[in-house]
Amino acid sequence: MALCRKFTDLFCLWTCFVAVLAVEPHPQIKDKVESMMKLTPWTWKLLNSSFKVESPVTVDVALTSHYRLTGNHLTHFRSCKDILLISPESKSGEYTIFPDTRKPISVFCEFLSKNHGYTYLKDYSESRFNLSSICSTTDEIKVVHLRTSGKRYGTILEELKRYQSNFSLSLQINENKGFNTPKNAPFLGKYIYVGFLPRSIAARRNIQGYRAGSKDWEFNNCDANPNSYIAFFYNNSQLQTHSYHTRGSYNIYMRRWIDVSKEYSLPIPAEYFRFFEMHMGGCGGYVVPNYGTLSDIVGAVPGFRFDVTCSDVQCHHSRSCIIANGGPTCLCPLGYTGYLCKEKEKVQFSCKDVAISKGPITGEYLIYSRTKQSQSFKVFCEFHKTYGLTFVSNTDVIIDVNEFFEIKSEVVVRHLRGNKQYDSILKQITPYADKPLSVQYNLATGYNTPINAKKMGPYLYLGFLDTITAKARTRQGYKVNNVDLTFVNSDANPNSYLTFYFNPQNKPPVGYYKRCCYTPLMKSWLDAGVQVDPARHLPKSYFMQFEMHFGGGGGYAINGYNTLANIQGAALGMRFEL
């Protein structure tokens with residue numbers, strides 16, 4: 001009630017002030033304000049009350065710690081999972097939730113990822129509380145304990161592996177159906193019960209126990225005593241406990257889950273840690289904190305695991321959800337991205353765009369044609385520290401190579417030989433180092449046209465010397481991995497190129513390759529190739545048939561024939577700055 005009154009007073013003060021003066025709020029109100037929300041109109045919902053106000057409106061954020069915003073309504077959280085669903089970036093810490101009892105409960109939410117975490121109760125009301133409202137599974141609980149040193153430690157408790165196919169933990173509030181009653185239940189009342197083996201199984205002379213720290217801790221029930229539980233007591237008055245602990249069995253076995261616990265860094269407040277009793281067997285043991293081998297333990301709190309699944313999320317644009325990478329993933333339609341496919345995806349026209357929007361992660365991506373944005377095609381983006389390489393897949397989309405080819409002093413040509421891939425860095429030879437390389441799509445403007453252009457096009461054209469320069473009877477060629485490989489143009493034939501054919505109809509090349517001219521120059525750049533790490537391998541669809549032509553006197557070759565018979569194709573890597 002005090003919360004409602006505080007909110008109402010603040011609300012009335014602010015709305016009256018805005019309506020009369022329409023200027024900055026009074027300092028008495030402004031001091032309380034943490035954020036300003038400019039939505040018009042806004043419907044506020046506080047428990048069973050609703051208000052509708054005009055913007056601007058300011059709110060004391062302290063009043064909204066247990067609320068969430070859905071559409072135009074401010075409603076409260078029902079669980080830690082609810083908080084994570086509304087805000088996947090939420091930080092672990094204390095929150096107020098309103099579970100099915102509709103009464104506020106203080107909890108500590110541990111968020112381990114966007115898909116799961118644990119809920120720790122500070123307390124709960126005497127009225128029936130449904131653990132299923134905060135818990136997604138009975139396969140495990142996470143128990144965090146507090147030591148007299150002030151440090152916290154946590155571990156996962158489960159059924160023994162031998163029983164997991166038939167049993168899971170029994171998590172109950174103020175009762176223990178099917179299990180033995182805790183010794184302190186009549187003394188301390190409120191408790192959360194974690195049962196391992198039900199009485200029907202525990203009342204046998206067999207192997208029993210618990211699993212902690214991913215290891216089974218077993219004992220033989222020597223007298224068929226059917227105790228198999230740990231109970232956490234939420235009694236807030238002075239402790240008056242059963243005397244059984246003075247003669248209980250404080251053996252090493254009962255402390256195993258304590259010893260395998262790992263230090264827990266989150267600051268769960270001390271008041272969350274409760275008195276507990278653990279009872280196993282017949283010959284297992286009985287322990288409580290602050291006594292015997294647990295004399296260094298102040299108390300413990302159970303953490304109930306929750307998981308976000310596809311049933312919890314509503315993918316936008318009527319898309320379906322799958323479980324991937326440990327959690328729900330919406331299969332977004334083209335043009336949308338984000339956790340629920342709500343965000344409009346920024347259109348990417350190049351690998352540089354990919355690096356800016358998604359980060360420089362090497363791999364295959366879908367990008368769009370800038371001239372026809374309805375058309376998309378795949379590229380392989382290879383990112384290095386200061387630059388990147390774009391390899392274009394075999395596609396029928398018209399390509400603007402200016403989107404990819406920024407550094408015109410060199411290219412990387414990757415060829416496929418067997419199941420291995422090799423890189424060759426190609427440049428102009430030293431006398432022509434100042435001339436940029438030319439990369440064109442389905443054109444050879446300023447250069448000699450490749451022989452198979454009409455039959456096997458479209459194509460990517462890598463030109464070294466333009467027609468005017470290549471006509472001279474001079475030393476020409478290419479540089480591979482910083483080594484000049486040259487020939488003398490004996491007849492002023494102006495060919496100086498390497499062409500990569502998309503060849504959509506898989507046509508064979510024209511017959512020129514049958515009579516000419518597989519010189520060593522046509523193969524040397526392939527022999528100089530450096531083997532590529534398999535992590536950077538291109539899909540085989542990126543490798544295209546290529547044609548190389550230099551001279552008079554340099555040579556002519558097409559892969560798959562003659563001395564290039566074992567070369568399955570090549571891909572052009574165009575370099576850009578990062």
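Which hand does the disulfide of cysteine 222 and cysteine 283 have, right or left? I looked this up first, taking a disulfide to be a pair of cysteine sulfur atoms within 2.5 Å, and found a torsion of about 80 degrees about the S-S bond, so the disulfide is right-handed.

I noted that this is a predicted model, in which local features need pLDDT of at least 70 and side-chain atom pairs count only at pLDDT 80 or more, while totals for chains, interfaces and linings use all residues. Residues are numbered from 1 along each chain as its sequence is written, and side-chain values use heavy atoms, with hydrogens and water left out.

Cysteine 222 lies in the loop between strand E15 (215-220) and strand E16 (227-233), and cysteine 283 in the loop between strand E18 (276-281) and strand E19 (285-287), so that the pair, 61 residues apart, links distant parts of the chain. The S to S distance here is 1.5 Å.

For accessibility I used relative accessible area, where buried means under 20%, exposed over 50% and partly exposed in between (1.4 Å probe, protein chains only). Cysteine 222 is partly exposed at 37%.

I turned next to another of the seven disulfides in the structure, that of cysteine 332 and cysteine 341, whose sulfur atoms are 2.2 Å apart. Its torsion is about -90 degrees, so this disulfide is left-handed. Cysteine 332 is partly exposed at 28%, whereas cysteine 341 is buried at 0%.

Terms used. Helix = DSSP H or I, 4+ residues; strand = E, 2+ residues; numbered from the N terminus.
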